[in-house]
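Student: I have just opened this one and would like to go through it slowly. Could you walk me through it?
Tutor: Gladly; let us look at it together and take one place at a time.

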Amino acid sequence: MSRADQPAAEVDWQALAVAAQAAMQHAYAPYSRFPVGAAALTEDGRMISGCNVENASYGLTLCAECTLVGALQMSGGGKLAAFYCVDGEGNILMPCGRCRQLLYEHRAAGMQLMTVSGVKTMDEVLPDAFGPENLEVEEQQK
Ligand code: THU
């Protein structure tokens with residue numbers, strides 16, 4: 001089993017669900033009327049969260065994962081160990097394609113996500129991903 005496949009410590013998924021729903025209450029989604037909340041546990045035990053923030057220029061919308069990653073950086077950085085995302089009714093929501101890439105960048109080894117088909121690892125949610133490792137390899141080849 002590689003380091004990336006190792007399961008993280010026991011995750012309090014209920015606490016993450018509650019934090020994601022609280023974050024969803026802050027969503028600014030006047031265009032889609034589809035509020036989203038996300039919460040994550042960092043490797044060093046912090047709970048962070050984010051909500052979607054839309055824009056009149058639709059394409060500029062920030063997904064909940066975007067503001068969550070901003071919160072990660074602003075609260076000390078580090079890596080994401082566990083992630084939970086909900087829609088306006090509190091249902092589990094899968095991160096969109098772009099946000100899977102965003103989460104991949106900041107994943108801890110063995111990062112887990114609550115998905116519509118149960119707990120999965122980041123590597124299962126975004127298999128064979130392009131990531132920072134690829135650029136580091138190129139850096140070394142220079
Ligand atoms: N949305 C998120 O916040 N995260 C996702 O992973 C999926 C989509 C938001 C963007 C937009 O404000 C609304 O959901 C409808 O697409």
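Student: Where is Arg-33 found?
Tutor: Arg-33 is found in the loop between α1 (13-24) and β1 (37-42), where helices (H or I, at least four residues) and strands (E, at least two) are DSSP runs numbered from the N terminus. Please keep in mind that this is a predicted model, in which local features need pLDDT of at least 70 and side-chain atom pairs count only at pLDDT 80 or more, while totals for chains, interfaces and linings use all residues. Residues are numbered from 1 along each chain as its sequence is written, and side-chain values use heavy atoms, with hydrogens and water left out.

Student: Ok, and is Arg-33 buried or exposed?
Tutor: Arg-33 counts as exposed because its relative accessibility is 68%; buried means under 20% relative accessible area, exposed over 50%, and partly exposed in between, with a 1.4 Å probe and protein chains only. Its phi is near 50°, a positive value in a residue other than glycine.

Student: Which loop holds Asp-128, and what is its phi?
Tutor: Asp-128 is found in the loop between α4 (122-125) and α5 (132-141), and its phi is positive, at about 50°, although Asp-128 is not a glycine. With 85% relative accessibility, Asp-128 counts as exposed.

Student: Let me step back a bit. How many helices and strands does the protein chain have?
Tutor: The protein chain has five helices and five strands, and from the N terminus on the elements run α-β-β-α-β-α-β-β-α-α. Of the 142 residues in the protein chain, buried residues make up 39%.

Student: Now the ligand. Which residues surround it?
Tutor: The ligand is surrounded by Ser-32, Phe-34, Val-36, Asn-52, Glu-54, Thr-61, Cys-63, Ala-64, Glu-65, Met-94, Pro-95 and Cys-96, where a residue is near a molecule if one of its heavy atoms lies within 4 Å of it. The residues of this shell divide into seven nonpolar, three polar and two charged; here Ala, Val, Leu, Ile, Met, Phe, Trp, Tyr, Cys and Pro count as nonpolar, Asp, Glu, Lys and Arg as charged, and the others, Gly among them, as polar.

Student: How far is a ligand oxygen atom from the side chain of Glu-54?
Tutor: An oxygen atom of the ligand is 2.5 Å from an N or O atom in the Glu-54 side chain. An oxygen atom of the ligand is also 2.8 Å from a polar backbone atom of Ala-64, and for Cys-96 the distance from a ligand oxygen atom to a polar backbone atom is 2.8 Å.

Student: What share of the ligand's area does the protein cover?
Tutor: The protein covers 79% of the 380 Å² of accessible area that the ligand has on its own, with areas taken from the Shrake-Rupley method with a 1.4 Å probe.

Student: Back to Glu-54: buried or exposed?
Tutor: Glu-54 is buried, because its relative accessible area is 9%, and its place is in the loop between β2 (47-51) and α2 (64-74). Glu-54 and Ala-29 are 25 residues apart in sequence and 5.4 Å apart in space, C-alpha to C-alpha.

Student: And what about Asn-55, where is its place?
Tutor: Asn-55 is in the loop between β2 and α2, and with 31% relative accessibility it counts as partly exposed. From C-alpha to C-alpha, Asn-55 and Ala-29 are 8.3 Å apart in space, while in sequence they are 26 residues apart.

How values were computed: A polar contact is a pair of N or O atoms within 3.5 Å; within protein, one must be able to donate a hydrogen and the other to accept it, and residues adjacent in sequence count only if both atoms are side-chain atoms.
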